Amino acid sequence: MTVAAIVVAAGRGTRMGGGEPKQWRPLAGRPVLAHAVDALRAAGVRRIVLVLHPDDMGRPEIPAGCLVVAGGDARDASVRAGLAALAADPPTRVLIHDGARPFPGAAMVARLLAALETHPGAAPALAVTDALWRGEGGLVAGVQDRTGLYRAQTPQAFRYGAIVAAHAAHPGGAADDVAVARAAGLDVAIVEGDEDNLKLTFPADFARAEGIIRGRAMDIRIGNGFDVHAFCDGDHVWLCGVAVPHSRGLLGHSDADVGMHALTDAIYGALGEGDIGVHFPPSDPQWKGAASHIFLRHAMGRVAARGYRLANCDVTLICERPKVGPHQAAMRAALAGIMGVAEDRISVKATTSERLGFTGREEGIAAMATCALVPA
Ligand code: MG
């Protein structure tokens, strides 16, 4: 399964009053759109297409790492532009999201993708629980039965080929992609939405969104990790995903990447989920010689599954040799690629122990790591 997301953000917004379109307005200091992109990444989506108004294509605050395409006159034309941008390397699943919803949560995205195993389409929604009235002239004129009524949200999720065909066959003017899918005869499963996945429509919605961010900011999880591997015969050592030439190797059950092990343990620690040995027992022969990125990817998968994302991490390698400095940039890049986060969230640094102790005597390498996780 390969997953891509299309974030539709080409609208001009008329209900917010004057000024910037709502997807570009700052929310906790960053455009609404950037929060949506971050949340999708935290949910494990690596490929994101932004569909923007042609006037917005040169904006400096466009989130980095996204494919950017110009939208059309109407929402469905913008979605088609986003779908077309993925056609050269089609994903199996696509999430179509409204750029004015900053908090598409990881747990909800997981529910959508699970529903696509059995349905061509799936969309998040919340059952209406308030009583519904009809009003006339400011007076209650009647009660509306709420049975079977839902508040629809995005991202709406589809098997890619199915929604491409549905859009191609649609005459246009659909309210959303579920309408396009249903017009093509596709079943769309209703998946439980998320109360925090609000759509910013009115100025008061921004205040509520700021409150959600403040509330989440309080829930920070910190973890630390420490690891040591002894030198053995060899001609290189693996450190933070980079093979560093050296006159020795590192002894270990796996590839002995001491930095990546400390970092992985820090992440498990932040989640309160044990350490590498719990998830990948050394007694299990299948992990013999394993590449350590398997462990780190697993830990990051647990971060997403628990509804968190990595705020930052900091790894310190402790050794006299090899010299780490020339490889620091490559190590950050390697970790960023494995973890699916920006390099500016990752620090790798090194120190010696002033020739004291086992690292000073060059018997081995030690590493320590700290990480912070915040709600996705
Ligand atoms: Mg280790």
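Student: In which loop does A28 lie?

Tutor: A28 lies in the loop between β2 (26-27) and β3. Please keep in mind that the model is predicted.

Student: Why is A28 called partly exposed?

Tutor: The relative accessible area of A28 is 39%. Buried means under 20% and exposed over 50%, with partly exposed in between. A28 is therefore partly exposed.

Student: What makes the phi of A28 worth noting?

Tutor: A28 has a positive phi of about 50° although it is not a glycine. Most residues other than glycine have a negative phi. E362 is another such case: it is not a glycine, and its phi is positive at about 55°.

Student: Where is E362 found, and why is it called buried?

Tutor: E362 is found in the loop between α11 (357-360) and β19 (364-375). Its relative accessible area is 18%. The cut-off for buried is under 20%, so E362 is buried.

Student: How do you know that the side chains of E362 and R321 form a polar contact?

Tutor: The side chains of E362 and R321 are joined at 3.1 Å. A polar contact requires a pair of N or O atoms within 3.5 Å, one able to donate a hydrogen and the other to accept it. The pair of E362 and R321 is therefore a polar contact.

Student: What is the peptide bond from R321 to P322, cis or trans?

Tutor: The bond from R321 to P322 is cis, with omega near 0°. P322 is found in the loop between β17 and α10. The bond from T154 to P155 is also cis, with omega near 10°, and P155 lies in the loop between β10 (150-152) and β11 (156-159). Most peptide bonds are trans.

Student: What makes D227, H229 and H261 the donor residues of the magnesium ion?

Tutor: D227 (OD), H229 (NE2) and H261 (ND1) coordinate the magnesium ion at 2.1 to 2.2 Å. Donors are N, O and S atoms within 2.8 Å of the metal, so these atoms qualify. As water is not among the atoms, the site may look incomplete. In sequence, the spacing of the donor residues is D-x1-H-x31-H. D227 belongs to strand β13 (residues 221-233) and H261 to helix α7 (residues 258-271), so the pair ties together parts that are 34 residues apart in sequence. Both D227 and H261 are buried.

Student: Why is α1 described as mostly covered?

Tutor: In α1, 10 of the 11 residues are buried. Among them are V32, L33, H35 and D38. Since buried means under 20% relative accessible area, the description follows from that count for α1. Just after α1, G44 takes a positive phi of about 100°.

Student: Which residues are closest to the centre of the largest pocket?

Tutor: The largest pocket has a volume of about 730 Å³. Of the 30 residues that line the largest pocket, D38, R41, G340, V341 and A342 are the closest to its centre. Elements that each supply at least two lining residues include α1 (32-42), α9 (293-305) and β17 (308-318). The lining divides into 17 nonpolar, four polar and nine charged residues.

Student: What places G301 in the partly exposed class?

Tutor: G301, in helix α9, has a relative accessible area of 37%.

Student: What makes β14 and strand β15 a pair?

Tutor: Four bridges join β14 to β15 (residues 242-245), and the two run antiparallel. Pairing needs at least two bridges, so β14 and β15 pair. The bridge partner of H236 in β15 is P245. The hairpin has two residues between the strands, and C240 takes a positive phi near 50° there.

Notes
Residues are numbered from 1 along each chain as its sequence is written. This is a predicted model: local features need pLDDT of at least 70, side-chain atom pairs count only at pLDDT 80 or more; totals for chains, interfaces and linings use all residues. Side-chain values use heavy atoms; hydrogens and water are left out. On a 1 Å grid over the protein atoms alone, a cavity is a set of points where a 1.4 Å probe fits but cannot get out, and a pocket is an open set with protein on both sides within 12 Å along at least five of seven lines; lining residues have an atom within 4 Å of a point. Grid points are joined across faces, edges and corners, and a volume is the space filled by probe spheres set on the points. Ala, Val, Leu, Ile, Met, Phe, Trp, Tyr, Cys and Pro count as nonpolar, Asp, Glu, Lys and Arg as charged, and the others, Gly among them, as polar. Donors are N, O and S atoms within 2.8 Å of the metal (3.2 Å for Na, K and Ca); water is not among the atoms, so sites may look incomplete. Buried means under 20% relative accessible area, exposed over 50%, partly exposed in between (1.4 Å probe, protein chains only).
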